[in-house]
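Take a first walk through this structure.

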Amino acid sequence: MTVTPELMNATAAKYRNGTLSIEDTSLEEIASAVGTPVYVYSSEMLKSQYLKLDKALDSLPHQLHYAVKANSTLAVLKTFAELGAGFDIVSGGELSRVLAAGGNPESVVFSGVGKSVEEIDFALKTGIECFNVESDSELMRISQRAEVLGKIAPIALRINPNVDPKTHPYISTGLKENKFGILQEAALALYQQAHADPNLHVRGVACHIGSQISDPTPLFDTLDQLLALIDQLADQGIQLTDIDLGGGFGVTYQDEASFDVNAWGIQVIERLASRGLTVSIEPGRFLTANAGVLLTRVEYLKPSGAPAQADEGHTDEGKNFAIVDAAMNDLLRPSLYQAWHGVLAVQEHSASETRSWDLVGPICESGDWLAKNRILSLAEGDLLAILSAGAYGSSLSSNYNTRNRAAEVMVRGDSFRVVRRRESLQDQLTTEIL
Ligand SMILES: *Cc1c(COP(=O)(O)O)cnc(C)c1O
């Protein structure tokens, strides 16, 4: 078994009559029509994941802000905009994408430690919901720009609660050693300064402690800290109306239990029911990861190890490399975080003997791999699906080795649409001057 039952249950990809499909559309059909590598998303799963979180907070005034950086493809943004989502952005570019997808600027929160003057001006003119401010200097800059433009800037302070989210160090953001947010000790004084500033409208408090969180305890610890701060501020006559709990809800990549949304929701409601605050969350990965796969074709097999025995994890002698047409420029997570992604053959039947394979891309880097030590039965030309690729896949892709970025496809039932055409070399060369 290359993929656990938990992952089979979590992914949008399912076998139908021996062929891996998304909704009622065969991945074989998509690959023949569009080529590979190609990202494929289930619109149905994007919606159902959104509705799970929305429902968990049903009894509170709330707003979901989809974290655009997880997957910023316009068709994905539009799918969420149509459900009433707001958006969490980290750049002016992401704000442009939200607007192009028909998102409502009044439901946009702007996070990130390095907001430029141009980005702040753009957001002020667009009339976003809130700036989640990450430093003293940023607060001053936003105030100055608001004054220049004759606007009042809505702000929240993003608090760094110094709570360990117990996740991969690269995706932890709420520890003192991380660059994000304002330390609790400094927050009171900064709130007072903001409250006294006529260019600013103090709306709330925000946090985001990390990603791929499975145990909700650190989230509750953070929430309790924010509530204590809200009470302290109220004592000083500063009434906050909004609380932003951040994102980070974990998903199943291998055998992790996916985040228990309902159990989390019950505790959040318990803590917030009597407070009259508007709650927001900033989910990214939870909404998109398992709604997407990356389809890739085997170009070459380079077997130098013996066939694996039954379900043995690896063989001692040599390595078996399957060189596929997707690479680290398409899906960086394995190279960047040693992330594990499930791999399934699109055709369920096995034509040849099984071996333990490393799936590697064509890029000239030893770090260019997508999966290691997978027991698969492979032939050249086979089509494979790399699972859980809907988050931090296409949005993290690059042109390294002058590779064109992959096409993207949205499935709806038994039909599909190319929502991003494959990039061309002309697209890549057009910005350059000899
Ligand atoms: C990345 C990010 C998120 C989303 O994180 P996920 O783990 O994808 O849910 C939310 N808020 C902020 C500020 C972020 O930087």
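E353 is partly exposed, because its relative accessibility is 43% (buried means under 20% relative accessible area, exposed over 50%, partly exposed in between, with a 1.4 Å probe and protein chains only). R355 has 14% and therefore counts as buried. The side chains of E353 and R355 form a salt bridge, 2.9 Å from N to O. The term means a side-chain nitrogen of Lys or Arg within 4 Å of a carboxyl oxygen of Asp or Glu. The structure holds 14 salt bridges.

This is a predicted model: local features need pLDDT of at least 70, side-chain atom pairs count only at pLDDT 80 or more, and totals for chains, interfaces and linings use all residues. Residues are numbered from 1 along each chain as its sequence is written, and side-chain values use heavy atoms, leaving out hydrogens and water.

E408 and R420 also meet in a salt bridge, at 3.0 Å from N to O. This pair links distant parts of the chain: E408 lies in strand β20 and R420 in strand β21, twelve residues apart. Strands are DSSP runs of E with at least two residues, helices are runs of H or I with at least four, and both are numbered from the N terminus. E408 is buried, at 2%. R420 is partly exposed, at 28%.

Now turn to the helices. D136, L139 and M140 in α7 meet L190, Q193 and A194 in α8; contact means heavy atoms within 4.5 Å.
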